[in-house]
Amino acid sequence: MTLYQPFLDYAIPLLRERLDLAPYPIPAGFEKKECITGKGKKEQLVVTTSYAFQSPKLRQIRAAHVEGGDALQVLNFVIFPQINYDLPFFGADLVTLPGGHLIALDMQPLFHDAAYQKQYSEPILPIFNKYQKDLPWGGDFPEEAKPFFSPAFLWTRPKETEAVQTLVFDAFKDYLQAYLDLVDRAQPVTDSQKLAEILQAQRNYINYRAAKDPARGMFLRFYGEEWTEEYIHGFLFDLERHL
Ligand code: DBV
């Protein structure tokens, strides 16, 4: 079973269709990584595949896809805009573990003022409202992560796999299309004060995510410390390396 492959099979052609898409380099050794976990009958192959692109307005579009059998499927898909645009990040964290499904979908904001919310969250609220009744708030959420989410943050823990294949997949499509609409409309920022604020906000977000990556424990177990830290800082959240 590979629960999230259809999400990638939808997203990548859509990006090609709607953006002037170019490859983004994936550091050697990180395109695909495999290991075997468990012993005897519980032996399980775990494959992590990485994808990365860029476009004139988007610095890095990247996905990490972890496939490790029915009880371990993860798709973490994030879009980092160029630092001369005030666009939010597109953030999707789609996680299936033995304990169940955990879904986070959002246009993660750089700023929280009313004008920013009006431009970048309000257009998404109708989509959020459409799914919220069937995909209710997932509860427990790290307090310190709250500044990184918008009012249209879809955070949910569906009980049924079928809900992931239908509702969550539809929500993912709608959020991604809506994000690309925001990208279409975005104009470059030239004001130097504003540019400095954008850079600071991007660094705060990326440094937080690199420091608190909830997948760190999983990657450490599978692939060891050296690979994991380089994957996090050299690929998943790489802004500092490219400044
Ligand atoms: N999460 C990532 C990356 C992943 C990934 C790069 C490549 O940022 C996977 C993989 N997320 C992942 C895994 C788990 C979670 C959980 C494997 C399960 C961890 C576990 O239970 O062992 C949203 N993701 C979570 C959780 C949250 C998020 C809140 C619950 C765990 C927790 O309480 O920390 N997405 C996550 C988040 C931000 C985001 C905190 C913040 C900006 O965008």
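Residues are classed as buried below 20% relative accessible area (under 20%), as exposed over 50%, and as partly exposed in between, with a 1.4 Å probe and protein chains only. The structure is a predicted model, in which local features need pLDDT of at least 70 and side-chain atom pairs count only at pLDDT 80 or more, while totals for chains, interfaces and linings use all residues. Residues are numbered from 1 along each chain as its sequence is written, and side-chain values use heavy atoms, with hydrogens and water left out.

Within α1, the residues F7, L8, A11, I12, L14 and L15 are buried. Viewed down the axis of α1, the buried residues fall within an arc of 165° and so line one face of the helix; the arc is that of the directions from the helix axis to the C-beta atoms. The face turned away from this buried side carries R16 and E17, which are exposed.

The ligand is surrounded by 21 residues, of which N76, D93, R209, D213 and A215 are the closest; a residue is counted if one of its heavy atoms lies within 4 Å. Polar contacts are pairs of N or O atoms within 3.5 Å. A polar side-chain atom of R209 lies 2.5 Å from an oxygen atom of the ligand.

How values were computed:
Helices (H or I, at least four residues) and strands (E, at least two) are DSSP runs, numbered from the N terminus. A polar contact is a pair of N or O atoms within 3.5 Å; within protein, one must be able to donate a hydrogen and the other to accept it, and residues adjacent in sequence count only if both atoms are side-chain atoms.
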